[in-house]
Each structure stands twice: as structure tokens, then as C-alpha cells.
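The sequence and the structure come first.

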Amino acid sequence: MTESPSATTRAGRAIDLDAHGHEVAPALYNRDLRPIHPAHRTWNERAYLTLWVAMCMNAATWTLAASLIALGMNWIQALFTIVLANLIVLIPMLLNSHAGAKHGISFPVFARAAYGVRGANLPAVMRGLVACGWFGIQTWFGGLALNLALGAMIGSSWTGASKVSLGVFGELPWTTLLCYLFCVVAQLAIIIRGFDSLRRFQMFAAPTVIGSVAVLIVILLFQTKGNLGPVLTHPSSLGWGHDFWIKAFPPSLMANIAFWSTLSLNMPDFTRFAENQAAQRRGQAWGLPTTMLVVSFMAVLTTSLAAKHYNVDPATLWNPDQLVSHFGSRIAVVIGALVIVVSSFQTNTAANLVSPALDFSNALPKLITFRTGAMVAAVIGTLFLPWKLLASPEAYVFVWLGFYGGILGAVGGVLVGDYWLHRKTNIRVPELFKYRSDYHYQGGWHWQAIVATVLGGLVAVGGAYSAVAPDGTKSGPFPADGMIPFLKPLYDYNWVVSFLVGMATYWLLTLPEKRAHETVPFDAGHAAAPAHATTSD
């Protein structure tokens, strides 16, 4: 699909007419950011349920329970923490999803209403960079699994490959690096074909992965003669008292909220395709918490059964690659490893490439298309050095998940405060693509949203601290007493603090604004082709 050239100027700025005659500012619009016409919003409840099953069934989710058990929880405490966290994050997720389903707009375009047509780039790029980091993590898991499969097929000439130096970034076997890069390219090949390609892939991948794990559990149950193994019988070293509820539970809960907090921001990227509100609401309400419970329990049960069957420490089996490597049959190792590859692909393409592709496209619509944005995300994700990020459970849970979740919580608070409290879900969608519009504010920036975001993030993560072990070793990069000591107690509740402070601050700052809000759709009778429906630019 093509767009007409700049046709005129208004107030000193170029004005484009898109293929259906809508006035748009060239620097704010391309076909990937265009709202989806109601005639092309066809995703039903099953589509969103499948989306969440696909996104939840991955190696990173598989290791969440392991991270909590490594901190001293038993499996019941770990699953309780995970499920509660997902029920909490489901609330802002559904609140923000409403905008996508009602107005057909993606997250970066939605953010223009609260932050301004220029200011929206701040939360969009923040969220996009986080997705890039997650892309690196998930691709690393996939690369390790592919490396395992090829090693099982080829033998010692592959598994004993020499290492290549990456300078200050460490060193890796060239075979592992090659597998990682192959996974990067393969995922890009899926996502650049558009949302229809993504949905078809997930319809195949989700039942394949879930079914494979179910078969593995049945086989292990037969091999252990029904003995469920050590993980399900191991007691909590924290108990159910102060050590659990005060010391371990709050930061663990916040870290698990942060796990999907980024999706709570950019779910409009997907819900803009919803056939109605009920479809996306029911699909997500069932899909997220239920799948996280099932996947986490599968991880616990499979690891426990495998530890019993192979007579090894469960701690050596939490990583899916390590689990698969214990399979006695070479064919079983190859199949198991390839299932892990598919699981990483199904999560990454949806959760970690769609968002940055649109977010970066929003920043420079005329230079960065959806395809180009996906490629940029893949490069940045690699520069995050996922092999370094996953070096320890403490860094994974508290540094990576906890800190960024605390910052992005404020963005979610601002969006909810603006959309639900300030404008009562009304948006003049055509104005989101123009300068000198309702959403231009002060030079394209809404200072109230910026202040609320900064304040919410500062209060939430200003007290970031790293725990100190008995031998004096810190578990992370932050001071033991917190960066801002008097804020240290709030850091254990950072996402909730950030969200509430951001929302309340924004609401208070916008109270003086006396402006009538109404809903104005983008398309008035024109059924534009859905974004990313074809492979043409």
C-alpha cells in the first residue's frame, strides 16, 4: 500500500493525505501505525487465549519457579507468588487493552493522548528497549537449545568447538554463537511477514509445546512409578512467617509482576485487532493467570520427576536445556531441544519484537517501518548480552526484573490515569496523527505526564538496594542501604508504588484542565487494509 506525497502545509508544517484522504503529519504516521478499521478487527477470544498460551510457554517462564525456590521457597509458595503476581498485573493490562479494542490503536499511538504526540516517544522507547533485552534472553535460550540439538546429531566435533573472544563481552563457543544468530534471523523471518503470519505460527506452536511437555510428564511418571520426586516434598527454608512474608515475598512478587508488566503497557498492539471488548477481555483473563499457573507447575513437576529418575540434584535441571540433555536417547534430545527452540520463538516474536518494532517506528515513522524496527530490536537485544544477564538468579529476579518493573509501573499509572480517570476512555483518534491538535500540548510534550512518570519511577526505585550475604558479598550493583536510603523500604514494593504514584500524580496535575473529551474514530466509512497484513511495504 502506498501513501500520497505531502500535499500542503498548515501552520508551517507539512500535511500528508493518506490513501483514504485522512490528514496526517508525515512525522507522525505510516501504514504500520495506522488504526485498524473495525471491519478488520477479527481476533476472537480464542485468538487471545492462544496468544497467551504461546507467550507463557517459554524457557524464561519455566525458570521463574526455580528462581523463587532457589531463594528458599517451596513449590507451593513459588506458585502462589507467581499466580498472585499475574492476577495483579492483569488489572492494568485489561485497562490499557481497552483502548486498543475501542479505538484500534497501538501502544505508541495510544501513549500520544497522555504524553503528547512527541512525548509518547519517551514511554515507547523505554518499553521498546526493555523488549529488546527480553528478546536477547529468549533468543539465548533458543540458541542454547538449538546448539544442544545439533550437538546430539553431530557429536563431539560440534560440542567440543573452540571459543571465540568477544572482548569485554566475554567469550563463547563459535557453535553457540552461530546458533544464537540463526535464531535471531529465523524469528525475524516470522515477524516481518506480519500479524497473520505470527498468529498462524502460534496456532501451531502453542499446542505442540504444551503437548510435548505433557507427554514428557507422563513418561517420567511411568519411569518413577508415581514417585513425584524431591522438589514437591522439599520443605520451605523460609517457613510461612517473617522470613517469607516480609523478606522474600514482597520483592519476589514485584519481580513477577514486572515479568509481564511491559505487556500491560503495549497490549493495545494486539487488542486493536479484537472483534469486541469481550473477546480480548475474556481471552486474556483466562489466558494469562491460568497458563502461568499451568506452565509453572509443569516446570516444577517435570524437574522433580526428572531429578528422581536421573538421581541428580534438581538445581541442575531447572534450565530446560540441562533437563533435555539428560534424556538417554539421542532422538529424544533432538526433539526436546527443538521444542525449546519453538517455545522461545513463539514468545519472542509476539512479546519482544512486535512492541519495539512499533515503538521505534513511532519515533521515526518515515525512516523506520515495522520490519526495520524489528531488525533494530534484534541488534539491540544482542547488545544487552543475555549470557551475562542470566549469570545468576539474583541478578535475573531482582536487578533485571525488579528495577525496570519499578520504572515502567509509572508509565502504566499515567496511561490508566489519563484514559480512565481524565478522559473517560474518549480519544479523538485523528488528532493523534497531527501537530497543533488536542494532543500537541506544549511543543508536543505533556509535561504533567512526564513529571508523573519521573516522580513515580524515582519514588519506586530510588531506594534500590542489593542484599548482602553473610560473607559480605552483594547480590547486585546497588548500595546495601539503597541509592536513596529513606526510600529503601519502598523498593520491595516498587511496581505497585510506581504505578500508584504515577497515576495519582498525573490525575492531580491534570485536574485544572477543563476540556471536554469525546470519541472521534479515525476511519469514517473507509475500510483500510489491516496493518502488516501483507509482506509489502
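The text below moves from the whole chain to a helix pair and then to charged side chains.

This is a predicted model, in which local features need pLDDT of at least 70 and side-chain atom pairs count only at pLDDT 80 or more, while totals for chains, interfaces and linings use all residues. Residues are numbered from 1 along each chain as its sequence is written, and side-chain values use heavy atoms, with hydrogens and water left out.

**Overall fold**

The protein chain holds 20 helices and five strands, where helices (H or I, at least four residues) and strands (E, at least two) are DSSP runs numbered from the N terminus. Its radius of gyration, taken over C-alpha atoms, is 24 Å, close to the 24 Å that the globule rule gives for 537 residues, so the chain is as compact as a globular protein of that length; the rule is 2.2 Å times the number of residues to the power 0.38. The C-alpha trace spans about 75 × 50 × 50 Å along its principal axes. Buried residues (under 20% relative accessible area, with exposed over 50% and partly exposed in between, for a 1.4 Å probe and protein chains only) make up 57% of the 537 residues.

**A helix pair**

Helix α10 (residues 242-266) packs against helix α20 (residues 494-510) at an angle of about 60 degrees, with the axes 8 Å apart. The two helices are therefore oblique to each other, since angles under 35 degrees count as roughly parallel, over 145 as roughly antiparallel, 65 to 115 as roughly perpendicular and the rest as oblique. Met254, Ile257 and Ser261 of α10 meet Asn494, Trp495 and Val496 of α20, contact meaning heavy atoms within 4.5 Å.

**Salt bridges**

Seven salt bridges are found in the whole structure, each a side-chain nitrogen of Lys or Arg within 4 Å of a carboxyl oxygen of Asp or Glu.

| Pair | Closest N and O atoms |
|---|---|
| Asp32 and Arg31 | 3.9 Å |
| Asp438 and Arg428 | 2.3 Å |
| Arg428 and Glu518 | 3.5 Å |

Arg428 lies in the loop between α17 and α18, whereas Glu518 lies in the segment after α20, 90 residues apart. Glu518 counts as partly exposed because its relative accessibility is 42%. Salt bridges that share partners join Arg428, Asp438 and Glu518 into one network. In the remaining pair of the table, both Asp32 and Arg31 are buried.

Definitions and conventions. Axes are lines fitted to C-alpha atoms, for helices over the stretch in contact, and angles run from 0 to 180 degrees between N-to-C directions.
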